[in-house]
Amino acid sequence: MSHPPALPSPADLHEDQIIALLRSGAHAALLSAYFGEVEYRELAQLAKIAATRSNGRGEVVFILPGIMGSRLGSLRRRMTSLLWLHPMAIAQGGLSQLALPAGKSLRALGVMLPGYLKLRLSLEIAGFLPVFHPFDWRADLETLARALTPAIEKSRARKVHIVAHSMGGLVARIALANDRNGRIQRLVQLGAPNRGSFAPVQAMRAAYPTVRKIAALDQLSTAEQLARTVFLTLPGLYQMLPSALTADEPNLFDPAQWPQDDLAPDATMLNRACKVRSRMSPPDERCAVIVGTNQETVTSLRLCDGGFEYSVRRDGDGTVPLARALWDGAETWFV
């Protein structure tokens, strides 16, 4: 009895390979374990529908993921070595390689499909030509925005749309201001931290639940060690810190308003982050925002007993508070 050839880990496959497998039904058990059984069934159905409605002449839509939503690794002699997010690499202490500037040779290898494949297939079904634009989420927002421009030009489309999640929404916002040739026809942000989020604070303080879960896989470092040696070196995190919306809130771009311990942020990077945020432009008629509501979200913090005390309310999407996702002047929808 013949057996189908062994399949590499789904995390190592290109999204087009994954879509082909979803359409054919091959390796269903493996993909079901990767996506989750319910999500797998939905994606398989969407992949089959998209195959019948694909429009080669559709309008191009760039999909930008959020922070930690792009896979990172190295590429040598056409061989990829995945670091983020590869459980084995993490267990062996690989997260330390994410630190900057030492880890600047890493590159974006694709998007995290469990988070974004449904969006791509839904856009295909709607008649668009979606294109994933992964990026190195550790990097400076303005640097990432500059890299988006040549990617748009390479598409050869006269006009493009952008759908951008979380951090990707800030990258796209800066790119829009730099779009002197008017190539970007529409920008739709999904849960973007236009006025920052408290999740980066928690990541830098080793308190963010997702970071702690991932750090638990690391056999060599604690969450606190990873925060100190990795997350506190990443410009992308600093540039998504929450701005003070009232006089009562701390100015987190001032190092004196952080706990003075071994997880204190870098003053130079805080200063740079403040400048980047101040240069972000207001929206124009091309901009729209979709924001999440009614989920338990960290909405504020205060310095207390040498640490931060966080307040949680049902007033955001679970990561970005409602007030900080808004982009004054942009068309806005709530979900």
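Tutor: Happy to! Relative accessible area sorts residues into buried (under 20%), exposed (over 50%) and partly exposed (in between), using a 1.4 Å probe and protein chains only. The model is predicted, so local features need pLDDT of at least 70 and side-chain atom pairs count only at pLDDT 80 or more, while totals for chains, interfaces and linings use all residues. Residues are numbered from 1 along each chain as its sequence is written, and side-chain values use heavy atoms, leaving out hydrogens and water.

Searching the whole structure gives 20 salt bridges, each a side-chain nitrogen of Lys or Arg within 4 Å of a carboxyl oxygen of Asp or Glu. Let's start with Glu 42 and Lys 118, whose closest N and O atoms are 3.0 Å apart. This pair links distant parts of the chain, 76 residues apart, with Glu 42 in helix 3 (residues 37-53) and Lys 118 in helix 5; helices here are DSSP runs of H or I, at least four residues, numbered from the N terminus. Glu 42 is partly exposed at 29%, and Lys 118 also counts as partly exposed, at 36%.

Next come Asp 284 and Arg 286, joined at 2.8 Å, N to O. Here Asp 284 is partly exposed, with 26% relative accessible area, whereas Arg 286 is buried at 16%.

Glu 309 is partly exposed at 38%, and Arg 302 is partly exposed at 46%. Elsewhere, bridges with shared partners tie Glu 15, Asp 16, Arg 23, Arg 120 and Glu 124 into one network.

How values were computed. Helix = DSSP H or I, 4+ residues; strand = E, 2+ residues; numbered from the N terminus.
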